Amino acid sequence: AGYPGQKEKEDPAMKENLNFYLGKQKSKSDCGGEFIDKMHTDWFGNYERLEVDHGYIQWLFPIREPGMNPLSEPLTAHEIDQMKPNPEVRTRLLTSYRLILDFFGMRLVDDATGEIARKEGEAWKPQYRNLQTSRHNYLRITRILKCLGELGLEHFQAPLCSHFMREVFGTGTGSGASGPLSNCAESLALYWIPVIKDDAARASLKAEVEKRLPGVYDPPSKGKGKGKGTP
């Protein structure tokens with residue numbers, strides 16, 4: 001519904017995202033390419049690689065829009081039709097999600113509900129510090145949320161945003177962001193929550209944000225943009 005007429009313009013032969021997720025081809029980027037299973041194994045916990053490499057996120061989390069990696073392809077409607085019901089793709093998508101959550105200092109607690117928590121012990125702290133200052137990751141999170149919505153894991157969108165709500169605003173009830181991920185407040189309000197497909201969950205989270213950031217959803221002043229989209 002969000003891309004009217006796009007399917008008719010897409011080439012059915014464009015299947016690189018599908019083939020990558022089926023393990024039939026490597027990703028492509030300026031830094032080289034890799035098969036998805038090897039990426040899942042070798043890149044897990046390799047935080048420097050995950051931070052500085054800008055060409056993998058478009059492959060692990062494909063969406064219908066072009067990204068910053070010119071060697072990747074936008075996800076097509078034809079691919080979505082084949083990927084959503086495929087258990088092999090779903091398993092790999094969950095592994096991709098766990099990999100990137102670990103990079104952010106988080107973990108998937110429940111595959112069924114999508115509940116998110118901090119990594120255990122003190123392991124979350126350095127990753128939160130990185131996420132607090134490395135703002136290009138905020139664009140990645142927008143992409144991740146959109147991908148979850150495209151490939152059948154839309155019920156994971158609200159739990160991820162709910163977790164960010166706790167980490168952005170902290171435990172207090174007053175206005176303002178005082179949590180360990182306070183710098184994510186604007187992206188959470190303007191880019192992450194709005195892409196949640198569940199209308200009730202999206203409305204509920206927006207209402208909570210408005211209590212903490214009064215006026216955040218007011219129309220922007222003339223001449224002011226609302227930032228960037230996705231990587």
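Mentor: Let's start with a term: a residue is buried when its relative accessible area is under 20%. Keep in mind that this is a predicted model.

Trainee: What describes two packed helices?

Mentor: The angle between their axes and the distance between the axes. Take H3 (residues 36–43) and H7 (residues 87–103): the angle is about 25° and the axes lie 10 Å apart. Angles under 35 degrees count as roughly parallel, so H3 is roughly parallel to H7. Their crossing is left-handed.

Trainee: Which residues meet there?

Mentor: From H3 come Ile-36, Asp-37, Met-39, His-40 and Trp-43, and from H7 Arg-92, Thr-95, Ser-96 and Leu-99. Sorted by class, this contact has 4 nonpolar, 3 polar and 2 charged residues.

Trainee: And aromatic rings: what describes a pair?

Mentor: The distance of the centres and the angle of the planes. There are 9 aromatic pairs in the structure. In one, Tyr-47 and Phe-103 have ring centres 6.2 Å apart and planes at 35°, so the pair is tilted. Tyr-47 sits in H4 and Phe-103 in H7, 56 residues apart, and the pair links distant parts of the chain.

Trainee: Are those two residues buried or partly exposed?

Mentor: Tyr-47 is partly exposed at 23% relative accessibility, whereas Phe-103 is buried at 1%.

Methods. Residues are numbered from 1 along each chain as its sequence is written. This is a predicted model: local features need pLDDT of at least 70, side-chain atom pairs count only at pLDDT 80 or more; totals for chains, interfaces and linings use all residues. Side-chain values use heavy atoms; hydrogens and water are left out. Axes are lines fitted to C-alpha atoms, for helices over the stretch in contact, and angles run from 0 to 180 degrees between N-to-C directions. Helices (H or I, at least four residues) and strands (E, at least two) are DSSP runs, numbered from the N terminus. Angles under 35 degrees count as roughly parallel, over 145 as roughly antiparallel, 65 to 115 as roughly perpendicular and the rest as oblique. A crossing is left-handed if the near helix is turned anticlockwise from the far one by less than a right angle, and right-handed if clockwise. Contact means heavy atoms within 4.5 Å. Ala, Val, Leu, Ile, Met, Phe, Trp, Tyr, Cys and Pro count as nonpolar, Asp, Glu, Lys and Arg as charged, and the others, Gly among them, as polar. Rings of Phe, Tyr and Trp (its six-membered ring) pair if their centres lie within 6.5 Å; planes under 30 degrees apart count as stacked, over 60 as edge-to-face and the rest as tilted. Buried means under 20% relative accessible area, exposed over 50%, partly exposed in between (1.4 Å probe, protein chains only).
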